[in-house]
Amino acid sequence: MENVYVGKAAADAAGDRGWLLGHFKPVGDIRHSEDVEIKWGVHPRGDRRAQWATEEKRTALLVLISGRFHLEFPGRDVVLSEQGDYVVWGHGVDHSWYAEEESVVMTVRWPSIPGYAVPTA
């Protein structure tokens with residue numbers, strides 16, 4: 001059936017740095033969107049964002065699926081510890097994160113804007 005995609009988040013995310021949907025998917029793919037990005041993040045214990053995200057131009061929602069996940073904001077830290085805990089932040093909010101335990105999180109960001117990828121080592 002056209003315009004229907006069925007997948008597995010863990011398998012699909014592994015092929016694109018965790019991202020399931022967004023501007024970075026090929027045009028014509030049902031998962032291509034300039035409106036929203038969705039990420040299935042699987043993080044081993046101790047995993048940390050390579051650098052702070054600054055000058056944010058998007059709104060984001062991060063939901064804890066499993067584990068214990070720590071988000072850092074200027075002047076405030078948030079720990080997600082129970083399944084379904086979530087945090088939302090908006091335009092202009094610098095942030096970083098690390099996994100206190102092995103964690104799975106789902107992130108939804110909007111709009112989907114090119115140029116925000118953290119460089120890989």
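Let me start with one residue. Arg31 is buried, at a relative accessible area of 16%; the cut-off for buried is under 20%. Before going on: this is a predicted model.

Arg31 sits in the loop between β1 and β2. What does Arg31 touch, leaving out residues up to four places away in sequence? The list is Tyr5, Asp12, Leu20, Leu21, Gly22 and Lys25.

Now the chain as a whole. It has one helix and eight strands, and the order from the N terminus is α-β-β-β-β-β-β-β-β. The radius of gyration is 14 Å and the globule rule gives 14 Å for 121 residues, so the chain is as compact as a globular protein of that length. The C-alpha trace spans about 45 × 30 × 30 Å along its principal axes.

Of the 121 residues, 34% count as buried. Take the contacts between residues at least 6 apart in sequence: 66% of them join residues at least 24 apart. The accessible surface is about 7,300 Å², and carbon and sulfur atoms account for 53% of it. As for charge, there are 13 positive and 18 negative side chains, with the centres of the two sets 3 Å apart.

In soluble globular proteins, nonpolar side chains tend to be buried together. Here the largest nonpolar core has 13 residues, and the members that touch the most others are Leu62, Phe69, Leu71, Phe73, Leu80, Val87 and Trp89. Which strands supply at least two residues each to this core? They are β3, β4 (69-73), β5 (76-80), β6 (86-89) and β7 (96-99).

I will take Leu80 as the example from that core. Apart from residues up to four places away in sequence, Leu80 touches Leu62, Leu64, Gly67, Arg68, Phe69, Leu71, Asp85 and Tyr86.

On to the backbone. Most residues other than glycine have a negative phi, and most peptide bonds are trans. There are exceptions to show here.

Arg17 has a positive phi, near 55°. Is Arg17 buried, partly exposed or exposed? With a relative accessible area of 47%, Arg17 is partly exposed.

Glu55 also has a positive phi, near 55°, and is placed in the loop between β2 (37-43) and β3 (59-66). Glu55 counts as exposed, at 61% relative accessibility. The next residue, Glu56, is in the loop between β2 and β3 as well, but Glu56 is buried, with a relative accessible area of 5%. From Glu56 to Asp35 is 21 residues in sequence and 16 Å in space, C-alpha to C-alpha.

Last, the peptide bonds. Where is the cis bond I want to point out? It runs from Trp110 to Pro111, with omega near -10°. Pro111 is in the segment after β8 (103-110).

Arg31 is buried at 16% and Glu56 at 5%. Arg31 is in the β1 to β2 loop, and Glu56 is in the β2 to β3 loop.

Methods: Residues are numbered from 1 along each chain as its sequence is written. This is a predicted model: local features need pLDDT of at least 70, side-chain atom pairs count only at pLDDT 80 or more; totals for chains, interfaces and linings use all residues. Side-chain values use heavy atoms; hydrogens and water are left out. Helices (H or I, at least four residues) and strands (E, at least two) are DSSP runs, numbered from the N terminus. Buried means under 20% relative accessible area, exposed over 50%, partly exposed in between (1.4 Å probe, protein chains only). A nonpolar core is a set of buried Ala, Val, Leu, Ile, Met, Phe, Trp, Tyr and Cys residues joined through side-chain atoms within 4.5 Å. Contact means heavy atoms within 4.5 Å. The radius of gyration is taken over C-alpha atoms; the globule rule is 2.2 Å times the number of residues to the power 0.38. Accessible areas come from the Shrake-Rupley method with a 1.4 Å probe; for residues, only the protein chains shown count as cover. Lys and Arg count as positive and Asp and Glu as negative; His and the chain ends are not counted. The place of a charge is taken as NZ of Lys, CZ of Arg, CG of Asp or CD of Glu.
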